[in-house]
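Subject: Structure handover

Hello,

Here is the structure I promised to pass on. My notes follow below it.

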Amino acid sequence: MVAQMNGRKRLILLLFFLSGATGLVYEVLWSKLLAFVFGNSTSATAAVLAAFMGGLAIGSFLAGHLVSKWKRLIVSYGAIEGAVGIYCMALPWLIKAARPLLSMAYTQDGGAWYFGSLRLLLMLSLLLIPSTLMGMTFPILGEHFARREERSGRFIGLLYGLNCFGAVAGALASSFILIPSLGLLGTTMAAGLLNLAIFASTFYLEDGEKQRAKSKKKSKNADLGQP
């Protein structure tokens, strides 16, 4: 089915594959970064999983209610990918900036429960922003295909499947290739730049959409005998 698609559709599918890859790269990165805050990988992984899955659910819910009102869906998707990239590249420094607050909470009289709860809430608040944005991407592209394709179901299913394969590729690449060779910060920057590249690619897609609309308008006017 992919072989029968035009270049524009293939590019959208490729971008969403890469989007899924970056999402799992970030999840692996966050687990390792938060291990420095929580002191052990189990608590860090639990916090990241809660923020990641919760953010995806929130983002999907929000986009599902808002996307029908949006017109430039590809641009909206690209803007979200760009925002994810910028925020995630800044996240290591945001976590570092939160340490004084955690140190202050540790010295209070609330005890371990108070400190642990504050630490968890602070980390969740930092991670919910990018994960919520990630959750908005699939409803946006699903709506894009639903508006333009008579048999949109197969495209949406393929879109979701490629995103899942991208997630598997991202998890494997981050654990066995990227982090060992680039380190945590280098891998963060690489994933963020990939998000920005996805953002830039959507301008090409938007320009192609405009050209196609102009071509259809000219063809319609020619059929009607209009100049």
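Ile58 lies in helix α2, which covers residues 41–66. Helices here are DSSP runs of H or I with at least four residues, strands are runs of E with at least two, and both are numbered from the N terminus. At 40% relative accessibility, Ile58 counts as partly exposed. The cut-offs are these: buried is under 20% relative accessible area, exposed is over 50%, and partly exposed is in between, with a 1.4 Å probe and protein chains only.

Ile58 also belongs to a nonpolar surface patch with Phe61, Leu62 and Leu66. Together the four have about 350 Å² of accessible area. Such patches take residues with over 30% relative accessible area and no salt bridge; nonpolar side chains (Val, Leu, Ile, Met, Phe, Trp, Tyr) are joined within 5 Å, and like charges within 9 Å. Accessible areas come from the Shrake-Rupley method with a 1.4 Å probe, and for residues only the protein chains shown count as cover.

A word on conventions. This is a predicted model, in which local features need pLDDT of at least 70 and side-chain atom pairs count only at pLDDT 80 or more, while totals for chains, interfaces and linings use all residues. Residues are numbered from 1 along each chain as its sequence is written, and side-chain values use heavy atoms, with hydrogens and water left out.

Now the overall picture. The protein has six helices and zero strands. Along the sequence the pattern reads α-α-α-α-α-α. Of the 227 residues, 42% are buried. The accessible surface comes to about 12200 Å², and 66% of that belongs to carbon and sulfur atoms. Take the contacts between residues at least 6 apart in sequence: 81% of them join residues at least 24 apart. Contact means heavy atoms within 4.5 Å.

Next, the inside. The largest nonpolar core has 53 residues. Tyr26, Trp30, Leu34 and Met123 have the most contacts inside this core. At least two core residues come from each of α1 (7–38), α2, α3 (73–97), α5 (111–148) and α6 (152–223). The largest share, 15 residues, comes from α1. A core of this kind is a set of buried Ala, Val, Leu, Ile, Met, Phe, Trp, Tyr and Cys residues joined through side-chain atoms within 4.5 Å.

Trp30 is worth a look. Setting aside residues up to four places away in sequence, Trp30 touches Val48, Phe52, Cys88, Leu91, Leu127, Pro130 and Met134.

Which residues does Thr188 touch? Thr188 lies in helix α6 and is buried, at 3% relative accessible area. Beyond residues up to four places away, Thr188 touches Tyr26, Leu29, Cys88, Met89 and Pro92.

Tyr87 sits in helix α3. Tyr87 is buried too, with a relative accessible area of 15%. Neighbours within four places aside, Tyr87 is in contact with Leu94, Leu126, Ile129 and Pro130. Tyr87 and Ile129 are 42 residues apart in sequence, yet 8.5 Å apart in space, C-alpha to C-alpha.

On to the rings. The structure holds seven aromatic pairs. Rings of Phe, Tyr and Trp (its six-membered ring) pair if their centres lie within 6.5 Å; planes under 30 degrees apart count as stacked, over 60 as edge-to-face and the rest as tilted. Trp30 and Phe52 are both buried.

Phe138 and Tyr160 have ring centres 5.3 Å apart and planes at 65 degrees, so this pair is edge-to-face. Phe138 is in helix α5 and Tyr160 in helix α6, 22 residues apart. Phe138 is partly exposed at 27%, and Tyr160 is partly exposed at 48%. Phe16, Tyr77, Phe138 and Tyr160 form one aromatic cluster.

Last, charge. The structure holds one salt bridge, meaning a side-chain nitrogen of Lys or Arg within 4 Å of a carboxyl oxygen of Asp or Glu. Glu143 forms a salt bridge with Arg147, and their closest N and O atoms are 2.9 Å apart. The two are four residues apart in helix α5, so about one helical turn separates them. Glu143 is partly exposed at 22% relative accessibility; Arg147 is partly exposed at 34%.

Best wishes
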